[in-house]
Amino acid sequence: NIRGAAKGWIKQYCDPNKTLLTIAYPAYQDSIRKSRRADAKSALMDAAARMERHYTQFSRYSGILASS
């Protein structure tokens, strides 16, 4: 029966949940990537600020990251 086969194909390949997942998952991954990028940027800015404070106090950069 052609109609039965067509219904089976539609059920298998046009599932609304799968379609939603194929749209939503890449957006979710992009959101996670942006969040991690912001966390990394914040950590680097914090390290730079600590290095500048250390340099102001001791006139050298060496040793600051190892002691933190």
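The model is predicted, with local features needing pLDDT of at least 70 and side-chain atom pairs counting only at pLDDT 80 or more, while totals for chains, interfaces and linings use all residues. Residues are numbered from 1 along each chain as its sequence is written, and side-chain values use heavy atoms, with hydrogens and water left out.

The chain holds 3 helices and 0 strands, where helices (H or I, at least four residues) and strands (E, at least two) are DSSP runs numbered from the N terminus. Its accessible surface, taken from the Shrake-Rupley method with a 1.4 Å probe and, for residues, with only the protein chains shown counting as cover, comes to about 6,200 Å², and 60% of this belongs to carbon and sulfur atoms.

Side chains of opposite charge can pair when their charged atoms come close. A salt bridge is counted when a side-chain nitrogen of Lys or Arg lies within 4 Å of a carboxyl oxygen of Asp or Glu, and by this rule there are 3 salt bridges.

| Salt bridge | Closest N and O atoms |
|---|---|
| Arg33 with Asp30 | 3.9 Å |
| Lys34 with Asp30 | 3.4 Å |
| Arg50 with Asp46 | 3.3 Å |

Asp30, Arg33 and Lys34 are linked in a network of salt bridges. Arg33 and Asp30 are 3 residues apart in helix 2, which means that about one helical turn separates them, and Lys34 and Asp30, being 4 residues apart in helix 2, are likewise separated by about one helical turn. Arg50 and Asp46 are also 4 residues apart in helix 2 and about one helical turn from each other; Arg50 is partly exposed at 22% relative accessibility, and Asp46 is partly exposed at 40%.

Between helix 2 (16-58) and helix 3 (64-67) runs a loop that contains Ser59. Although Ser59 is not a glycine, its phi is positive, at about 55°, and with 56% relative accessibility this residue counts as exposed.

Rings of Phe, Tyr and Trp (its six-membered ring) pair if their centres lie within 6.5 Å, with planes under 30 degrees apart counted as stacked, over 60 as edge-to-face and the rest as tilted; this rule gives 2 aromatic pairs. In one of them, the rings of Tyr55 and Tyr61 have centres 4.5 Å apart and planes at 20°, so the pair is stacked.

Technical notes. Buried means under 20% relative accessible area, exposed over 50%, partly exposed in between (1.4 Å probe, protein chains only).
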